Amino acid sequence: MRCLSVIGHIYDDGLCKGLKTHGIFTEFHDVENMQSFNFNIDILLLDLRGVDQTDWAELILNQLNKNTLVLMLVENKQLQVNSIQMLISKYAWDYHTAPFEVDRLTRILGHALGLIRIRLRCAAQANNSLHFPSKTIMCSRVMQALSKQIYRAAPTDIPILIRGESGTGKELIAREIHQKSQRTSGEFVAVNCGSLISGVVQSELFGHEKGAFTGAINRHKGKISQAHGGTLFLDEVGDLPLDQQVNLLRFLQEGTFDAVGGSQPTSVDVRIVAATHIDLDAAIKRGEFRLDLFYRLNGLTLELPPLRDRKEDIISLAEHFCQKYAAEYAVGGCHFSEQAKTAMLEHQWTGNVRELINRIRRAVLLCETGIIQASDLELENSINQSCFARGLKKIKDEVEKNTLIQVMEKHSGKMDVVANDLQISRATLYRLIDKHDIYAIDS
Ligand SMILES: Nc1ncnc2c1ncn2[C@@H]1O[C@H](COP(=O)(O)OP(=O)(O)OP(=O)(O)O)[C@@H](O)[C@H]1O
């Protein structure tokens with residue numbers, strides 16, 4: 001810990017030496033000589049023993065940072081003095097009565113220090129999560145091509161249908177389209193057509209007039225009106241009930257709609273982006289989705305491939321989210337072992353990017369060493385299953401390299417200790433370092 005500031009009238013050698021035996025170094029400041037004192041401190045030990053007048057103490061306390069934890073040292077009899085009581089109640093985080101016991105005092109200071117650490121960590125988390133830039137990762141060739149399509153189509157008003165499995169980033173892409181369009185002064189309004197309750201779909205989308213039905217005590221602006229001048233994102237459009245599809249189609253054809261209970265058609269200017277994870281062609285064949293609506297929505301189709309089919313994105317996404325959560329949880333540097341990377345590349349990612357985010361967030365939080373292993377991601381099985389496909393020599397090499405890196409990190413690069421731990425000679429160790437192209441400094 002840094003130096004603990006002690007303010008008092010008389011330097012107490014016993015107090016300072018006693019705390020030093022517990023690893024707490026003190027810096028004494030005489031109340032008569034406070035000109036150079038830095039009031040921006042975390043913890044202050046204010047020694048009030050033998051004091052009657054408290055004006056000076058209040059002056060000092062008022063200049064402290066409002067987060068400083070103040071611990072007051074008083075004598076038992078001072079607890080009966082009004083001005084001391086007032087100081088304690090107004091400014092103290094805790095107090096300690098003389099005769100001072102170093103163990104007890106150290107415990108109180110330990111709690112104060114713990115509290116400061118928690119505060120700092122929470123402040124860092126809030127700060128980091130606010131400032132960590134969100135990014136759309138599109139490294140793979142297929143996503144690069146998609147990015148070009150978005151770039152071209154976004155500034156137009158062409159309706160876009162985004163298809164892809166759940167968690168592939170359909171909503172993220174819809175937001176990108178809105179951001180790159182001419183409509184950013186309007187709102188991006190997302191409607192999940194799959195979660196609309198059947199009785200209120202029409203009122204949710206088109207709004208209703210006051211008194212239109214029992215319970216309609218106020219006029220309600222529907223999602224379509226909210227998106228006026230902006231983008232309406234119809235998520236899971238394939239789940240829209242068939243009877244509502246016709247109302248949506250009418251709006252797309254005519255650009256006007258009737259609010260529930262309304263007498264005048266309303267016209268709005270919205271750009272439509274829709275998304276679906278179901279196979280719309282099959283739904284059309286089954287008679288569950290209207291072909292004419294499909295044509296209206298499908299000015300351009302963007303196909304988002306599942307993550308397992310664009311492996312080049314996996315490590316970039318993983319590293320991005322690893323940094324994001326390491327910053328958010330203030331856990332310091334974090335990276336993946338080679339084995340974890342292999343496991344991620346082999347995994348099937350049925351939940352796509354959303355699954356990847358969940359695994360990484362949990363691993364960053366729970367990993368104690370700063371190196372995320374396949375087991376931290378709960379992906380050991382992916383490694384085992386991929387073994388058959390990779391061949392014994394490659395697996396042996398990977399294990400050898402990962403073990404070397406881990407043991408070298410464990411012993412901070414002290415080669416004698418590393419060789420000893422691995423039960424190999426120093427010469428063999430250097431040969432393996434060379435073979436696996438590991439960057440090493442002998443310390
Ligand atoms: N390429 C990407 N770069 C960065 N983050 C991504 C990317 N793709 C998806 N994500 C993130 O993955 C999560 C899931 O994405 P999103 O909600 O857009 O998927 P979805 O396909 O709309 O899912 P669902 O069909 O279940 O609604 C979000 O947190 C999103 O920000």
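User: A residue counts as buried when 20 or more other C-beta atoms lie within 10 Å of its own. Which residues of H12 are buried?

Analyst: The model is a predicted one, and in it helix H12 runs over residues 312-328, with 17 residues. The cover over the buried residues of this helix includes helix H5 (141-153), strand S13 (335-336), helix H13 (338-346), H14 and strand S14 (371-372). The buried residues of H12 themselves are Asp313, Ile314, Leu317, Ala318, Phe321, Cys322, Lys324, Tyr325 and Ala326.

User: How far does H12 reach from its first C-alpha to its last?

Analyst: At 1.5 Å a residue, a span of 24 Å is expected for helix H12.

User: Is tryptophan 349 buried or exposed?

Analyst: Tryptophan 349 sits in the loop between H13 and H14, and its phi is positive, about 50 degrees, although the residue is not a glycine. A residue needs 20 or more other C-beta atoms within 10 Å to be called buried. Because tryptophan 349 has 22 such atoms within 10 Å, it is buried.

User: How is glutamate 378 classed, with 13 other C-beta atoms within 10 Å?

Analyst: Glutamate 378 lies in the loop between S14 and helix H15 (380-390), and it too is a residue other than glycine with a positive phi, here near 55 degrees. Since glutamate 378 has 13 of them, it is partly exposed.

User: With which residues is leucine 234 in contact, leaving aside its neighbours within four places in sequence?

Analyst: Leucine 234 is among the residues with the most contacts inside the largest core. Once neighbours within four places in sequence are left aside, its contacts are Val191, Cys193, Ile272 and Ala274.

User: Which residues around the ligand are the closest?

Analyst: The ligand is surrounded by 17 residues, which divide into six nonpolar, seven polar and four charged. Domain 2 (141-305) and domain 3 (309-378) each contribute at least three residues to this shell, while helix H6 (170-179) and helix H14 (352-366) each supply at least two. The closest are Ser166, Gly169, Lys170, Glu171 and Val353.

Notes. Residues are numbered from 1 along each chain as its sequence is written. This is a predicted model: local features need pLDDT of at least 70, side-chain atom pairs count only at pLDDT 80 or more; totals for chains, interfaces and linings use all residues. A nonpolar core is a set of buried Ala, Val, Leu, Ile, Met, Phe, Trp, Tyr and Cys residues joined through C-beta atoms within 7 Å. A residue is buried if 20 or more other C-beta atoms lie within 10 Å of its own, exposed if 12 or fewer, and partly exposed in between; C-beta atoms are placed from the backbone. Two residues are in contact if their C-beta atoms, placed from the backbone, lie within 7 Å. A residue is near a molecule or strand if its C-beta atom, placed from the backbone, lies within 6 Å of it. Helices (H or I, at least four residues) and strands (E, at least two) are DSSP runs, numbered from the N terminus. Ala, Val, Leu, Ile, Met, Phe, Trp, Tyr, Cys and Pro count as nonpolar, Asp, Glu, Lys and Arg as charged, and the others, Gly among them, as polar. Domain bounds come from an automatic or database domain assignment. The expected span of a helix is 1.5 Å times one less than its number of residues.
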